Structure formats: C-alpha cells, structure tokens
Amino acid sequence: IRDRPETAAEPEPEPQLEADPVPLQLQPVGLTIDGIGVSDPIRAVGLEENGELEVPDVDEIGWYRYGAAPGERGATVLAAHVYWNDRRGPFHKLGRMEPGDLMEVQLVDGSVRTYAVVERTMYDKDSLPNDRIWRRTGPETLVLITCGGSFNPEIRRYRQNIVVYAVPVG
C-alpha cells in the first residue's frame, strides 16, 4: 500500500500523527467475512517513517487510526496481507469478493456493524485514489485493501492493490 493517506475535497497538509481521538466505542476490534473465511482481529495502525501505511502482522488486520471509524462519516480503512513469508494473510481471498457480499465489523463495545460490498477494483500501488480512501468526510464507507495483481520477484512485492468498498447495511 503505497499512496500517502490524505483527506480529500481540498488540498490538505501531510497526515498528522495526532488526530482527534476516535470514540472508544467505535474502535474496531475484529472482522468477519464468512464468504472468504475471514475471522481475524483488528489493531490500530498508523504510518511508517516513509509515509506508507503500516501493515500489521500476517495474522491480523490493521485499521488506519487517523481515518474514520465504523459509524463515522468518511472511509474506515482496513488493510491486511494477502501472503507474507509463505503464510496466507487475512485478505488472501479478498479478490474473490463481489458486490452484495456481506461482512461484519466487531467494535470494542461488543456491537457489530454489517457492511455490503458495492465495488471491488484494483489500482497500481502508486495510484490509489486518495479522495476515495483517505477521507474523513462524506458517506460512511468501509475500505479493505491488500496486495494483488502481478508479483515482481525482483523486489518480492505485488505491483497492485486490491480494494473493496462496502457500505453499511441496516
């Protein structure tokens, strides 16, 4: 995941490492997607020193803590590995999701928010649409991101990202 997170609508300064705190009850702690076998914990992540999104360990999902949270306006960004060190990551089947597929995000207060997929797409790593992904305004959207597309064996990285957009149900 390469593009630098920013908020959309107008030119914004660099993402801050300090943000308005997300209300505790809205912090996501787990993601379940029965259709592709996901049932993994979520932990808050930020940015690496080079400005790229911090990606969690192979057995967990990262929530971009400086973006939106489930139930808030804007995009709640969840990122996870497809594969890492010969191990399947939580999002190894993300590319199979289709519009209408459902998923559940568990929040720290024990509540659950249900989302339905509205789009699955792929972008080159340096072409993620900042105005759709790194935003704290506009309609509530869940954005799932992982690596995908062709693999570059020379640098041992995928050239694209698979991105799934979902909206709240009910």
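The chain has one helix and 10 strands. Here helices (H or I, at least four residues) and strands (E, at least two) are DSSP runs, numbered from the N terminus. Along the sequence the pattern reads β-β-β-β-β-β-β-β-α-β-β. The model is predicted, so local features need pLDDT of at least 70 and side-chain atom pairs count only at pLDDT 80 or more, while totals for chains, interfaces and linings use all residues. Residues are numbered from 1 along each chain as its sequence is written, and side-chain values use heavy atoms, with hydrogens and water left out.

Confidence comes next. pLDDT is the predictor's confidence in each residue, from 0 to 100. The chain averages a pLDDT of 86. A score of at least 70 is reached by 85% of the residues. Confidence is highest in strand 7, at a mean of 98, and lowest in strand 5 (residues 83-84), at 80. Over residues 6-18, pLDDT stays under 50. For this stretch the model has 19 contacts beyond four places in sequence. Contact means heavy atoms within 4.5 Å.

Eight strands close into it in the order 1-2-3-4-9-10-8-7, and the pairing is mixed. Neighbouring strands of this sheet are turned by 35 degrees against each other on average, direction ignored. For such angles, axes are lines fitted to C-alpha atoms, for helices over the stretch in contact, and angles run from 0 to 180 degrees between N-to-C directions. Two strands pair if DSSP finds at least two bridges between them.

Individual pairings show both senses. Strand 2 (residues 38-45) and strand 3 are parallel, with four bridges. Ile 42 has Ile 61 of strand 3 as its bridge partner. Strand 7 and strand 8 (residues 112-124) run antiparallel and are joined by five bridges. In this pairing Met 103 stands opposite Tyr 115 in strand 8. The hairpin of strand 7 and strand 8 has four residues between the strands. In that hairpin, Gly 110 takes a positive phi near 95 degrees. Strand 8 also pairs with strand 10 (residues 157-168), in the antiparallel sense, over nine bridges. There, Arg 120 stands opposite Val 164 in strand 10.

Contacts across the sequence were then counted. Among contacts between residues at least 6 apart in sequence, 60% join residues at least 24 apart. Val 29 lies in strand 1 (residues 28-33). Val 29 and Val 108 are 79 residues apart in sequence, yet 5.7 Å apart in space, C-alpha to C-alpha. Beyond its neighbours within four places in sequence, Val 29 is in contact with Asp 40, Pro 41, Ile 42, Gln 106, Leu 107 and Val 108. Glu 104 is found in strand 7 (residues 102-107). Glu 104 and Asp 34 are 70 residues apart in sequence and 9.0 Å apart in space, C-alpha to C-alpha. With neighbours within four places left aside, Glu 104 is in contact with Gly 30, Leu 31, Thr 32, Val 112, Arg 113 and Thr 114.

Burial was assigned from relative accessible area: buried means under 20%, exposed over 50%, and partly exposed in between (1.4 Å probe, protein chains only). Buried residues make up 46% of the 170 residues in the chain. Val 29 has 37% relative accessibility, so Val 29 counts as partly exposed. Glu 104 is also partly exposed, because its relative accessibility is 34%.

Aromatic rings were examined last. A pair of aromatic rings is described by the distance of the centres and the angle of the planes. Rings of Phe, Tyr and Trp (its six-membered ring) pair if their centres lie within 6.5 Å; planes under 30 degrees apart count as stacked, over 60 as edge-to-face and the rest as tilted. By this rule there are two aromatic pairs. The rings of Tyr 64 and Tyr 66 have centres 5.7 Å apart and planes at 80 degrees, so this pair is edge-to-face. Tyr 64 and Trp 134 are also edge-to-face, because their ring centres are 5.4 Å apart and their planes are at 75 degrees. This second pair links distant parts of the chain, 70 residues apart. Tyr 64 is in strand 3 (residues 61-64), and Trp 134 is in the loop between helix 1 (130-133) and strand 9 (141-152). Both Tyr 64 and Trp 134 are buried. Tyr 66 has 14% relative accessibility, so Tyr 66 counts as buried. Tyr 64, Tyr 66 and Trp 134 form one aromatic cluster.
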